[in-house]
Amino acid sequence: MSDQPVSLMPTPEGYADWLVDLKTRIHTAQQRAALAVNRELVLLYWQIGRDILARQASQGWGAKVIERLAHDLRTAFPEMKGFSRANLMYMRAFAEAWPDAEVVQQAVGQLPWGHNLVLLTRLKQPAQRLAYAQAAIEHGWSRNVLNIHIETSLLERTGLAVTNFKERLPAPGSDLARQSLKDPYLFDFLDVGKEADEREIESALVKHITQFLLELGAGFAFVGRQVHLEVGGDDFYIDLLFYHLKLRCYVVVELKADKFKPEHLGQLGFYLTAVDMQVKAEQDNPTIGLLLCKTKNKVVAEYALRDTAQPIGVAEYQLVESLPAALQTSLPSIEQIESELGGGE
């Protein structure tokens, strides 16, 4: 009998590919099972919340009944978490926020309960909640990332940069490109003063590249800083170069520490041409530019872009904190929500 470990035994032809396929199918099945369990749990919570609402409305039940229900459910299901009085109140609020069962099954039911609590406690408008829920599903946001995007009003800023994409890019890519930019960009994670120059901001952005990519949005991949290009024997350096995976194009980002001026577009346009000529592959789409300024006059930017032949967007950036301290402290933290969930378990 051979003492050779099983892991070192020879395998027949085609075994390795088959094993890879099996692993993929098992992982997929695990994910589907987890999603199905999550959907059932969220739907159960919605149904409990709906029942509480209905009985309070028809029979005048008060808060004391919720306390008794929490006790009885925890006694009946000691192995299950989530039946605290606080969570039952969240179920009630959840059902009140989403009266349509189809929305729960098709949209928010795809998100974990923790995500739904963030949507419930941080946002007041149903359309706004649904928009962030759909974005979280599409981009696979974690709960913390969802929380950050809500705090910084990501969706409210998306697509607001002044661009000429509609005139310079073919549809539907022009709309996708426009939705890939926002205004303003919030760089409140940077440790720089309000009077920082371009190089200080640029250096700090690269140092905090993870947060910067999060602020830029889904699809942006960092290529480099101060990317060198030689044109006609002269040296030029691009502030920041990215590649957008959905748009399939390079994105040149130029920073200006002062207000927008039409002449800024000339330099950025030159860089776009250089990237198209020297860096862009044949299968890539035309390079687009993003000019980030401390401030801008929207009308001036629109006029300047009208005569610009290349696809460029102009947006502001902010170095200050995105929310006043007083407002930040008035909002419940994830830890507080988790503490509520665990209360009385």
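Trainee: Which are the buried residues of H5?

Mentor: They are Trp-113, Gly-114, His-115, Asn-116, Leu-117, Val-118, Leu-119, Leu-120, Thr-121 and Arg-122. Keep in mind that we're looking at a predicted model.

Trainee: Okay, on to charges. Why is the contact between Arg-68 and Asp-72 called a salt bridge?

Mentor: The cut-off is a Lys or Arg side-chain nitrogen within 4 Å of a carboxyl oxygen of Asp or Glu. For Arg-68 and Asp-72 the N to O value is 2.8 Å, so the pair counts as a salt bridge. By this rule the count comes to 12 salt bridges.

Trainee: How do you know that Arg-68 and Asp-72 are separated by about one helical turn?

Mentor: Because they sit 4 residues apart in helix H2, which covers residues 63-76.

Trainee: Why is Arg-68 called exposed, and what is Asp-72 called?

Mentor: Exposed starts over 50%. Arg-68 has 55% relative accessibility, so Arg-68 counts as exposed. Asp-72 has a relative accessible area of 31%, so Asp-72 is partly exposed.

Trainee: What makes Arg-92 and Glu-96 a salt bridge?

Mentor: Their closest N and O atoms are 3.7 Å apart, and the limit is 4 Å, so the pair qualifies. Arg-92 and Glu-96 are also 4 residues apart, in helix H3 (residues 85-97), and so about one helical turn separates them. Arg-92 itself is partly exposed, at 23%.

Trainee: What about Glu-202: which residue does Glu-202 form a salt bridge with?

Mentor: With Arg-225, where the closest N and O atoms are 2.6 Å apart. This pair links distant parts of the chain: Glu-202 belongs to helix H11 (residues 198-207) and Arg-225 to strand S3 (residues 220-231), 23 residues apart.

Trainee: Why is Glu-202 called buried?

Mentor: Glu-202 has 0% relative accessibility, so Glu-202 counts as buried. Arg-225, at 35%, is partly exposed. Salt bridges with shared partners also join Arg-199, Glu-202, Arg-225 and Asp-239 into one network.

Trainee: Now Glu-316. Why does Glu-316 have no salt bridge?

Mentor: The nearest side chain of opposite charge is Lys-296, 4.1 Å away. Glu-316 is buried, by the way, and lies in strand S7, residues 312-318.

Trainee: So what does the side chain of Glu-316 reach at 3.0 Å?

Mentor: The backbone nitrogen of Lys-296. Leaving out residues up to four places away in sequence, Glu-316 touches several others, including Asp-183, Tyr-185, Cys-293 and Lys-296.

Trainee: What makes Gln-59 partly exposed?

Mentor: Gln-59 comes out at 48% relative accessible area, and therefore is partly exposed. Gln-59 lies in helix H1 too. From its C-alpha atom to that of Ser-180, 121 residues apart along the chain, the separation is 51 Å.

Conventions
Residues numbered from 1 in each chain as written. Predicted model: local features only at pLDDT ≥ 70, side-chain atom pairs only at ≥ 80, totals over all residues. Heavy atoms only, no water. Helix = DSSP H or I, 4+ residues; strand = E, 2+ residues; numbered from the N terminus. Buried < 20%, exposed > 50% of the residue type's maximum accessible area, 1.4 Å probe, protein only. Lys, Arg positive; Asp, Glu negative; His and termini not counted. Polar contact = N/O pair within 3.5 Å; in protein donor to acceptor, adjacent residues only side chain to side chain. Contact = heavy atoms within 4.5 Å.
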